[in-house]
Amino acid sequence: MSDSGKDIIQTKNEKSGLVRSLEENLHLHKYSAEKVARFVLQYSEQNGTNISKIGAKDFSRIYSFNNVVFKFSPDGQKSLAVKLFSGGENSQSGFVAESLGKDFLQNSGIFGAESRILLPKNILESNADRLIATEFIDNLDQVYPLILEDNKSKLLVDFLIRLNELKAIPTNLEQFANRSRYSKDSVYEIYQETVSRLEQFKRWLDDDGKITTKMWCTDNNIIPLFESRLNELLRFIDPIVLHKRTNITDLRFNWGDVSFPNMNFKLIDDKRILVPIDMEYAGWDHFSGGISSLLMHHSSEGLSDESKRLILAEFVKNSRLSEQEKEELNARLIATDLLFIARKLKPVTRPAHETKGLTFMRIPYESYTVAKIRMFLEPALKRLMNNRIDIK
């Protein structure tokens, strides 16, 4: 047998051993372990590294919910963040959004040295395996806010305004045509999605066996409260603003999931910079899409209304919005608030074995139900009763 043939067999054996190691040590399904092993092979060929020197020891899981992210730290090499997109129906669109969106922003020129925004570079990716490896940025200050320092809020606003400078002109659309998954053509479409989610929840409650949850919802008037807030949206928003569709020329670039877990900070040379990550929902959206996501996302629930108002005031002032645009922003904020509350209802309806990321998956059903009420419905009720953000 030729030396090249022996090398191929050796590589296959080493890859098989790596797959078993990844399955056992990182608790991956075989198909996911095979994807990571193919990444290692591609990485080793690109960097001239012997695959036998890379193993599960070089990986550590740093995030696992919709997708899995590993820190990959091979000896003597710079660490990478390796993101393995899930096998769900949205994984391909998420991969495309993150891959093309990152390239689009890198080439846009909006994140120069003066911007104090660091976009981690894509180092290696595989369309077939839906895997992206980016440079790993260490020592990040991840914010789950109670009080957001003024310098951080200004960086976030600057980031959103820079993204809004990217208008959806035909050339840009050819480069990156995705619509953000949060994008809707009108406020009324956001309202319709919210109503649909609420109706699904009501039908689920009417089934047998939902005694604890239904009693809690009845005692706290959560359904009437929700319907009252939806009626407010229809009553107080100008019908023209409510039904206005977003023209292509009015679309702006939206990071997608502009939420605090994805907006990180780092000190470099005593200057604080913003390091945004995770853009699998990126695409084109109404100019208010980013700020609405930031203020109404579940992760902002610990942020005081006063802090939200300060962020919003900074955004309005620096965006130089017209009176019409202010009306549109106000309507989107109210509608997005209700939509995010409605999204809290979906995990409540999932069976225990289908609910991801929860710590009470294997406990008795009744305790599981109470835990879901506390985790999802109580915050939803609080938002329905208290959250009022109005730019006026």
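D185 has a relative accessibility of 21% and therefore counts as partly exposed, a class lying between buried (under 20% relative accessible area) and exposed (over 50%), as computed with a 1.4 Å probe on protein chains only. Its partner in a salt bridge is R179, which counts as partly exposed at 36% relative accessibility. A salt bridge here is a side-chain nitrogen of Lys or Arg within 4 Å of a carboxyl oxygen of Asp or Glu, and by this rule the count comes to 23.

Residues are numbered from 1 along each chain as its sequence is written, and side-chain values use heavy atoms, leaving out hydrogens and water.

| Salt bridge | Closest N and O atoms |
|---|---|
| D278 with K83 | 2.5 Å |
| R179 with D185 | 2.8 Å |
| E301 with R383 | 3.1 Å |

D278 and K83 are both buried. E301 is partly exposed, with a relative accessible area of 29%, whereas R383 is buried at 6%. Salt bridges with shared partners join E301 and R383 with R229, D337 and K344 into one network.

The protein averages a pLDDT of 83, and 86% of the residues score at least 70. Over residues 1–10, however, pLDDT stays under 50, and the model has 2 contacts (heavy atoms within 4.5 Å) beyond four places in sequence for this stretch. Where pLDDT is low, the predicted coordinates should not be read in detail.

Key: Predicted model: local features only at pLDDT ≥ 70, side-chain atom pairs only at ≥ 80, totals over all residues. pLDDT = per-residue confidence, 0-100.
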